[in-house]
Amino acid sequence: MPNSKSYSSEKPARIGVVGTGFIATGLVSVLSHQPGMQPAKVLSRRPKDQFSGRVADLHTDSINELVDNCDLIVECSGDVHHATPIVDAAMNAGLPVVTMATEFHVTVGSYFAGKGLITEAEGDQPGCLAALHEEAVEMGFSPLVYGNIKGFLNHQPTVEDMEFWSNKQGISVPQVTSFTDGTKIQMEQAFVANGLKTDILTRGLSGIEGMGLEEGGNYLAERAEHHGKPISDYVLNGKLPPGVFITGRNEEADPNVLRYLKLGDGPFYTLIRPYHLCHLEIPRTIRRVLDGGGVLLNNTTTPTINVCAIAKKDIAAGTDVANAIGGQFFRGEATRIADEPNAVPIGLMDGCRVIRNLEAGQTVTLDDIELRDTQATQIWQSALRPQA
């Protein structure tokens with residue numbers, strides 16, 4: 001694994017970036033100004049002539065060229081099937097991998113967690129929660145709730161609305177749709193549950209609606225204590241900032257001190273990180289890895305939570321599905337693997353074909369669809385699929 005002590009402005013660490021979307025292109029720009037590291041290659045399926053500037057200069061369509069010219073790989077393509085062989089090649093070459101790739105981790109990340117260093121970065125909610133967890137524990141807090149803050153949710157958004165918001169926000173229709181229909185937050189909190197060894201209270205999460213942050217955090221903390229284990233969940237309130245929070249106890253600190261520090265009367269205390277800044281934060285995790293700081297968050301080798309696919313509407317046999325995540329046919333729900341062992345991870349379903357009629361609200365199993373034959377599918381089938 002690279003060591004930052006061997007890197008400097010004269011010999012910076014060579015960082016490879018996978019993807020050319022919002023996160024990846026932003027990261028290339030940020031890395032160009034980071035001491036001790038530099039963007040070295042950008043792997044993309046799109047042709048070089050579609051880009052300009054640094055991305056065009058560093059463009060490659062070869063996994064081997066990426067691996068051979070980099071000291072660390074950052075995967076942020078957003079495509080589980082595309083990412084899997086790249087991560088595999090990086091691991092086989094002994095390179096550490098930093099990601100902004102929740103869907104990848106929840107779907108096949110556990111296969112790679114024991115094969116080398118792979119970690120999610122700060123910048124998206126799971127990595128930010130993992131960083132807040134480290135801070136909270138260092139200060140004597142015992143987390144009970146690992147919480148996400150969501151401002152809006154609509155399980156059945158229209159194509160027209162999603163196209164409008166895609167154009168307005170400058171991100172793809174599938175991304176906007178997965179944010180809106182709840183699939184993204186289900187993925188994120190499943191990842192947090194696996195990575196931080198917590199549980200969920202119920203399939204689809206609780207999603208406490210309309211409460212303030214302290215009230216919602218306290219409510220979830222009480223339920224977590226009754227449950228007997230810390231939980232991963234979220235609150236739904238459009239007036240709250242787009243960040244993450246942890247609610248828990250602190251038996252080490254004087255309650256009077258915590259009250260003076262504006263944390264309230266207890267017994268539960270909520271810490272909030274009121275932002276997540278995507279690619280702007282990734283270099284902090286890269287530096288952590290280069291410094292030998294190890295994994296911030298991965299899906300672990302023993303996950304307990306999956307994100308299954310729920311049919312949004314009746315779907316006829318023979319239907320081809322381009323996008324399962326962020327499409328018009330399915331949305332994702334977090335569920336315990338033990339409770340739904342036959343549920344197919346929604347992260348595998350891009351490009352699948354429906355082979356049996358599905359009804360609205362139905363959970364998808366392997367009997368219902370035909371998956372693409374990719375390395376990701378093969379890994380899940382052979383190494384991660386629950387055994388009957």
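**Figure 1. Packing of helices α6 and α9.** The axes of helix α6 (residues 125-138) and helix α9 (residues 183-195) approach within 9 Å and cross at roughly 35°. Here axes are lines fitted to C-alpha atoms, for helices over the stretch in contact, and angles run from 0 to 180 degrees between N-to-C directions. The crossing of α6 past α9 is right-handed; a crossing has this hand if the near helix is turned clockwise from the far one by less than a right angle, and is left-handed if anticlockwise. Q125, P126 and L129 of α6 make the contact with K184, E188, Q189, F191 and V192 of α9, where contact means heavy atoms within 4.5 Å. Helices (H or I, at least four residues) and strands (E, at least two) are DSSP runs, numbered from the N terminus.

The model is predicted: local features need pLDDT of at least 70, side-chain atom pairs count only at pLDDT 80 or more, and totals for chains, interfaces and linings use all residues. Residues are numbered from 1 along each chain as its sequence is written, and side-chain values use heavy atoms, with hydrogens and water left out.

Figure 2. Y146 is found in strand β7 (residues 142-150) and is buried, with a relative accessible area of 4%. Buried means under 20% relative accessible area, exposed over 50%, and partly exposed in between (1.4 Å probe, protein chains only). Leaving aside residues up to four places away in sequence, Y146 touches L129, H133, Q189, V192, L196, T198, P230, I231, S232, D233, F245 and I246. T198 is placed in the loop between α9 and β8 and counts as buried at 2% relative accessibility. With the same exclusion of residues up to four places away, the contacts of T198 are Y146, V192, A193, K229, P230, I231, S232 and T304. The C-alpha atoms of Y146 and A89, 57 residues apart along the chain, are separated by 33 Å.

**Figure 3. Cover of helix α1.** Helix α1 (residues 22-31) is mostly covered, with 7 of its 10 residues buried. These buried residues are I23, A24, G26, L27, V28, V30 and L31. Their cover includes the strands β1 (13-18), β2 (37-43) and β4 (72-75), together with the helices α2 (53-58) and α12 (282-290).

**Figure 4. The loop between α11 and β11.** L261 lies in the loop between α11 (255-260) and β11 (269-273), and at 52% relative accessibility L261 counts as exposed. V257, Y260 and L261 form a nonpolar surface patch with about 350 Å² of accessible area together. Patches are made of residues with over 30% relative accessible area and no salt bridge; like charges are joined within 9 Å, nonpolar side chains (Val, Leu, Ile, Met, Phe, Trp, Tyr) within 5 Å. A salt bridge is a side-chain nitrogen of Lys or Arg within 4 Å of a carboxyl oxygen of Asp or Glu. Accessible areas come from the Shrake-Rupley method with a 1.4 Å probe, and for residues only the protein chains shown count as cover. P267 lies in the loop between α11 and β11, and a cis peptide bond, with omega about 5°, joins G266 and P267.

Figure 5. Most residues other than glycine have a negative phi. L205, which is not a glycine, has a positive phi of about 70°; L205 is located in the loop between α9 and β8 (208-209) and counts as buried at 6% relative accessibility. K262 has a positive phi near 70° and is found in the loop between α11 and β11. K262 is exposed, with a relative accessible area of 72%.
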